[in-house]
Amino acid sequence: MTLNNIGDLNSMHVDVLTELGNIGTGNAVTSLATLVGKEISINVPRVRILDFNESVQFIGGAENIVTGVLIRLIEGIEGMILYIFEDKFVATVLKTFFGKEFKSALEINEMDKSALNEIGNIMAGAYARALSSMTGLKITLSTPSICVDMAGAILSVPAIEFASIGDKVLFIEDSFGIGNDMVNSNMILVPELDSLNLLFKKLGVGI
Amino acid sequence: MEKKILLVDDAAFMRMMLKDTLNKNGYTNIIEAADGEIACNMYKDEKPDLIIMDITMPNKSGIDALRDIKAMDPNSKIIMCSAMGQESMVVEAIKLGALDFIVKPFKPERILQIVNKILS
């Protein structure tokens, strides 16, 4: 049997994906800590299966301006990783790397975007390493691309691309402390169905 | 003569970080390329003593550039530096002739240790 829709996932599948989310995020945040050169304390990530519309609400609503970094999974597991960085996260990054005060995500310059892109790249790389190590699959990532726009617009990218497999995504809500600041960063994982089936097969989980 | 190092990464931010680390430690002859294609073209004219090469880049990947530069010059010295550090990728790069493989993010001391060792 195979999955025909992300909505077919049962509670056991969700548990497995939750654990993958935990492990992957743990690796990603460890990488982030090394990059920013600070200790990062992490709360247990919250993994949910959400409708696209629900996930838009989770990130402040369709008109909320957010910074999104999109990375495609192109080999091994195929699909998309979309990081949604809230303003506080962006502010912390820009302060840490460039000593600059953040005004608005719409005013960040090309070097700022490059830094955020690279953070998405490194975190996705850590996530892919965790998945690869657990499944034995070689997982290749695309170059990252960054966009500052309304949440509804940014989320429409995976929504349109994956319309055929259903309208649900894996939403991983991360909350961590950098220095004295608590920041949120959310990751949306949209795997292709064939990849999801392969993933469960590699993990020895029945469908 | 001062050693010339070519930094190849599509992220301007990463090139900036690497250049800063190298400059502070005495390596000031630094040139940059934003993808593997540019790196291959630059290699012919610049003949850098060392290349620090990202893998995931547009136009030409670091692995393809490694292969092409090694074909041009088997004595070229190339270190891979990538966010993807899965074992199969590291093995592939080393088999193609990379001298080392650093997984991002890295501590400055780590990259300096490797650069110093290769260029000494």
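In what order do the 5 strands of the open sheet of chain B lie?

**View 1. The open sheet of chain B.** The order is β2-β1-β3-β4-β5, with parallel pairing. Helices (H or I, at least four residues) and strands (E, at least two) are DSSP runs, numbered from the N terminus. Two strands pair if DSSP finds at least two bridges between them. β2 (29-33) and β5 (100-103) of chain B stand at the edges; each has a single partner strand, so one side of each lacks a neighbour in the sheet. From one strand to the next, the twist averages 20 degrees. The model is predicted: local features need pLDDT of at least 70 and side-chain atom pairs count only at pLDDT 80 or more, while totals for chains, interfaces and linings use all residues. Residues are numbered from 1 along each chain as its sequence is written, and chains are lettered from A and ligands numbered from 1 in the order in which they are written.

View 2. Strand β4 (residues 78-82) of chain B pairs with β5(B) in the parallel sense, over 4 bridges. Cys81(B) has Ile102(B) in β5(B) as its bridge partner. Helix α5 (residues 108-119) of chain B packs on the sheet and touches β3 (50-53), β4 and β5 of chain B. Its direction makes about 165 degrees with that of β5(B). Axes are lines fitted to C-alpha atoms, for helices over the stretch in contact, and angles run from 0 to 180 degrees between N-to-C directions. Residues are in contact if their C-beta atoms, placed from the backbone, lie within 7 Å.

**View 3. Chain B as a whole.** Chain B has 5 helices and 5 strands. Along the sequence they follow the pattern β-α-β-α-β-α-β-α-β-α. The C-alpha trace of chain B spans about 30 × 30 × 25 Å along its principal axes. With 120 residues, a compact globule would have a radius of gyration near 14 Å; the 13 Å of chain B agrees with this. This radius is taken over C-alpha atoms, and the globule rule is 2.2 Å times the number of residues to the power 0.38.

**View 4. Helices α2 and α3 of chain B.** The axes of helix α2 (residues 36-46) and helix α3 (residues 62-72) of chain B come within 9 Å and cross at roughly 20 degrees. α2(B) and α3(B) are therefore roughly parallel to each other. Angles under 35 degrees count as roughly parallel, over 145 as roughly antiparallel, 65 to 115 as roughly perpendicular and the rest as oblique. α2(B) passes α3(B) in a right-handed crossing. A crossing is left-handed if the near helix is turned anticlockwise from the far one by less than a right angle, and right-handed if clockwise. Residues in the contact include Ala39(B) and Tyr43(B) from α2(B), and Ala65(B) and Ile69(B) from α3(B). The contact divides into 6 nonpolar, 2 polar and 3 charged residues. Ala, Val, Leu, Ile, Met, Phe, Trp, Tyr, Cys and Pro count as nonpolar, Asp, Glu, Lys and Arg as charged, and the others, Gly among them, as polar.

**View 5. Helices α3 and α4 of chain B.** The axes of α3(B) and helix α4 (residues 87-96) of chain B come within 10 Å and cross at roughly 15 degrees. That makes α3(B) roughly parallel to α4(B). Their crossing is left-handed. Ile63(B), Leu66(B), Arg67(B) and Lys70(B) in α3(B) meet Glu92(B), Ala93(B) and Leu96(B) in α4(B). This contact has 4 nonpolar, no polar and 3 charged residues.

**View 6. Helices α1 and α4 of chain A.** Helix α1 (residues 11-36) and helix α4 (residues 110-135) of chain A pack at an angle of about 140 degrees, with their axes 8 Å apart. That makes α1(A) oblique to α4(A). The crossing is right-handed.

**View 7. Strand β3 of chain A and its partners.** Strand β3 (residues 65-75) of chain A runs antiparallel to strand β6 (residues 145-150) of chain A, and 6 bridges join them. Ile65(A) has Met150(A) in β6(A) as its bridge partner. β3(A) also pairs with strand β4 (residues 77-85) of chain A, in the antiparallel sense over 9 bridges. β3(A) and β4(A) form a hairpin with 1 residue between them. Gly76(A) in the turn has a positive phi of about 85 degrees.

**View 8. Where chain B touches chain A.** Here 16 residues of chain B are in contact with 20 residues of chain A. Helix α1 (residues 12-24) of chain B gives the most to the chain B side, with 3 residues.

Methods
Contact = placed C-beta atoms within 7 Å.
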